Amino acid sequence: MPALEPAIDVLRQFSAGNVDAFESLFRQHQGEVYRWILRIVRDPAVAEDVTVETFWRIHRAHARFDPSRSFGAWARRIATNAALDHLKSERPETELPDDLPQPALLDPGISQELRDKMAQAFGRLPPKLRIAATLAVIEEQPYQEIAAALGISAGAVKLRVFRAVRQLRKDLKQQGIEP
Amino acid sequence: MKDNQEQERIQSLLKQALPPTGAQPRASLQRDLWPAMRRRLDQHSLAVPWFDWAVLAALVVCVALFPRAIPVLLYHL
């Protein structure tokens with residue numbers, strides 16, 4: 001559930017560079033920003049670091065913030081960019097964290113080996129396609145929200161998801177797996 | 001038609017391989033990140049921007065090459 005939008009006075013003070021206002025916004029939005037980033041990077045420790053990086057960027061960009069607009073949406077856009085930068089800096093096929101969740105209902109028709117191969121193929125996707133597929137397919141976020149966070153149209157998000165899935169299929173076929 | 005089925009199959013497989021983070025034990029923030037943020041802010045406030053160093057270096061070079069400019073510089077301070 002999104003955090004409530006802060007009072008306009010706090011937003012104005014933040015925009016003017018007031019650190020107390022920034023702290024108030026940080027405390028109000030850190031949880032929401034963390035959860036959004038976790039959806040993208042899928043590692044709690046990394047998500048914490050990227051959350052701090054996101055707010056650092058927010059702090060530096062305070063003068064560019066328009067207090068009449070939504071702080072939450074602006075923060076989410078910056079968080080998405082910070083998470084994307086993290087994915088770009090990551091080595092392809094970085095080991096996934098050990099505490100990844102297990103699906104609620106495991107399909108007995110899908111072997112663990114197939115799941116692992118899929119996870120590896122997913123790690124090889126270009127970061128822009130990976131973000132779109134993560135948010136749309138795995139996290140089932142609305143296309144409009146993803147589009148706003150990425151700064152592109154909903155149609156462009158659908159295209160990226162389509163390309164991601166097509167690339168995954170190609171990757172699996174190259175490994176001799178017929179999905 | 002076949003393409004659509006394949007797309008759906010891949011998407012379903014992807015969800016099985018990488019489930020949503022909502023099911024993760026640490027899906028919500030477990031600690032306050034403000035102290036880490038505060039450290040980051042303090043580190044930056046102590047750091048001198050590279051531009052300031054460049055201006056200082058230019059000033060030193062200027063004074064070394066043109067010592068007679070020192071009174072002019074002092075006058076403008």
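Colleague: In what order do the elements of chain A run from the N terminus on?

Modeller: From the N terminus, the order in chain A is α-α-α-α-α-α-α-α. This is a predicted model, and chain A has eight helices and zero strands in it. Of the 179 residues in chain A, 34% are buried. Among contacts in chain A with a separation of 6 or more, 66% are between residues 24 or more positions apart.

Colleague: How do you know that the span of helix H3 of chain A agrees with its number of residues?

Modeller: Take the 17 residues of H3(A), 44–60, at 1.5 Å a residue. The expected span is 1.5 Å times one less than the number of residues, which gives 24 Å for this helix. The C-alpha atoms at the ends of H3(A) are 24 Å apart, so the two agree.

Colleague: What makes Val52(A) buried?

Modeller: Val52(A) sits in H3 of chain A. The cut-off for buried is 20 or more other C-beta atoms within 10 Å; Val52(A) has 20 C-beta neighbours inside 10 Å, so it counts as buried. Other buried residues in H3(A) include Val50(A), Thr51(A), Thr54(A) and Phe55(A).

Colleague: Which residues does Val52(A) touch, leaving aside those up to four places away in sequence?

Modeller: Those are Leu33(B), Ala36(B), Met37(B) and Arg40(B). As for Asp20(A), 32 residues from Val52(A) along the chain, the two C-alpha atoms are separated by 17 Å.

Colleague: How many residues does each chain give to the contact between A and B?

Modeller: Chain A gives 35 residues and chain B gives 27. On the chain B side, helix H1 (2–17) and helix H2 (34–46) each supply at least two residues. The largest share of that side comes from H1(B), with 10 residues. By class, the chain B side has 16 nonpolar, six polar and five charged residues.

Colleague: Which residues of H2(A) and H4(A) meet?

Modeller: From H2(A), they include Leu25(A), His29(A), Trp36(A) and Ile40(A); from H4(A), they include Phe71(A), Ala75(A), Arg76(A) and His86(A). By class, this contact has 10 nonpolar, three polar and two charged residues.

Colleague: What is the phi of Arg42(A), and where does the residue lie?

Modeller: Phi of Arg42(A) is near 65 degrees, a positive value in a residue other than glycine. Arg42(A) lies in the loop between H2 and H3 of chain A.

Colleague: Is Arg42(A) buried or exposed?

Modeller: There are 22 C-beta neighbours inside 10 Å of Arg42(A), so it counts as buried.

Colleague: And why is Glu140(A) called exposed?

Modeller: The cut-off for exposed is 12 or fewer, and Glu140(A) has 10 C-beta neighbours inside 10 Å, so it counts as exposed. Glu140(A) is in the loop between helix H6 (127–138) and helix H7 (143–150) of chain A. Just after H6(A), Glu140(A) takes a positive phi of about 55 degrees. In H6(A) itself, the buried residues include Leu129(A), Ile131(A), Leu135(A) and Val137(A).

Conventions: Residues numbered from 1 in each chain as written. Chains lettered and ligands numbered in written order. Predicted model: local features only at pLDDT ≥ 70, side-chain atom pairs only at ≥ 80, totals over all residues. Helix = DSSP H or I, 4+ residues; strand = E, 2+ residues; numbered from the N terminus. Contact = placed C-beta atoms within 7 Å. Nonpolar A, V, L, I, M, F, W, Y, C, P; charged D, E, K, R; others polar.
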